[in-house]
Amino acid sequence: MKEQDCLRRFLFEELGVRGEWVRLQSSWQEAKQYQQLSVCVQEKLGQAMAAVVLLSASIKFEGAMILQAQGQGQLNTLIAQATHDRKIRALARGDTQMEAGSLTKMMGAGRLVITVKPEQGEPYQGIVALEEDKLADVITKYFTQSEQLKTRVWLFANETHVAGLFIQELPAQESYKVDWERITALAGTVTKEEMLTLDCNEMLFRLFNEEKVRVFEPEAVTFECGCSPKKIETALVSLGKKELDSIFLERDIIDVDCEFCGKKYSFDQVDVENLLSAQTISNPLKTKH
Ligand SMILES: [Zn+2]
């Protein structure tokens, strides 16, 4: 039985360096099944998915991390989300049928926004320009620019699997330059084929058999959208009464399909009027103008 749909953390105990490994199979199939994506778009979205699982597992928080790449090219949006308990979802927008090479070629000029939305407290964001050909290099640049801990990631995806490797120096325990360079050079020799097929321990042995590595228990990663009637209602109400009224001139029902999981939500005019009046009551200030 292959080890997949899980995250594993590991530690180079003597070097002040930690790592994470992720491989997804059925959660990846579920996450993309509601979208028609070319092989090339699947590769980019899968890499974003690996990245968000690895990055979200590297910080302590309760809530969701959203990685959103936004560009002016034909493929204009990639969204990948992971929660602290490893629930994932992902979405591509634009020409999702395009076949092309690099990230920059497909997405054009743009930026990558990494948002952390804690369940308690304010969200926070980091932003980096989409200037590299590979998403992994965009993320490395993000860590360099924001002067956070030294970090490198390797991201791979195809139609069946997603895999990623993350190496970071430990906080408050700066690694020696020579150790950091050796570990990242070894990690850099990993191939797409190996990452998409080897289990974590096999991969660690293949890369670091001369190093002392402590590996922790696997953590399951699952596809779960997290959309709800309440969230869809909020989005609907935010369109405003005028816009909603004009939609009802043309049809009797507003159908909203969740782009991530395909779930269908329907609202008739009475539903929408109830939502709008409920909103007026809960936001009394809005009635004062
Ligand atoms: Zn959904």
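Q: Which residues of helix α4 are buried?
A: In helix α4, spanning residues 135-145, the buried ones are Leu-135, Ala-136, Val-138, Ile-139, Thr-140, Tyr-142 and Phe-143, where buried means under 20% relative accessible area with a 1.4 Å probe, protein chains only, and a helix is a DSSP run of H or I of at least four residues, numbered from the N terminus. This is a predicted model in which local features need pLDDT of at least 70, side-chain atom pairs count only at pLDDT 80 or more, and totals for chains, interfaces and linings use all residues. Residues are numbered from 1 along each chain as its sequence is written, and side-chain values use heavy atoms, leaving out hydrogens and water.

Q: And what follows α4?
A: Glu-147 follows, with a positive phi near 50°.

Q: Which residues of α2 meet α4?
A: Gln-47, Ala-48, Ala-51 and Leu-55 in α2 meet Leu-135, Ile-139 and Phe-143 in α4, contact being heavy atoms within 4.5 Å.

Q: What does Leu-135 touch?
A: Leaving aside residues up to four places away in sequence, Leu-135 touches Gln-47, Ala-48, Ala-51, Leu-103, Leu-112 and Leu-155.

Q: New topic: how many residues are in the largest nonpolar core?
A: That core has 72 residues, and those with the most contacts inside it include Leu-135 and Ile-139; a nonpolar core is a set of buried Ala, Val, Leu, Ile, Met, Phe, Trp, Tyr and Cys residues joined through side-chain atoms within 4.5 Å.

Q: Where does its largest share come from?
A: From α2, which supplies eleven residues to this core.

Conventions. Buried means under 20% relative accessible area, exposed over 50%, partly exposed in between (1.4 Å probe, protein chains only). Helices (H or I, at least four residues) and strands (E, at least two) are DSSP runs, numbered from the N terminus.
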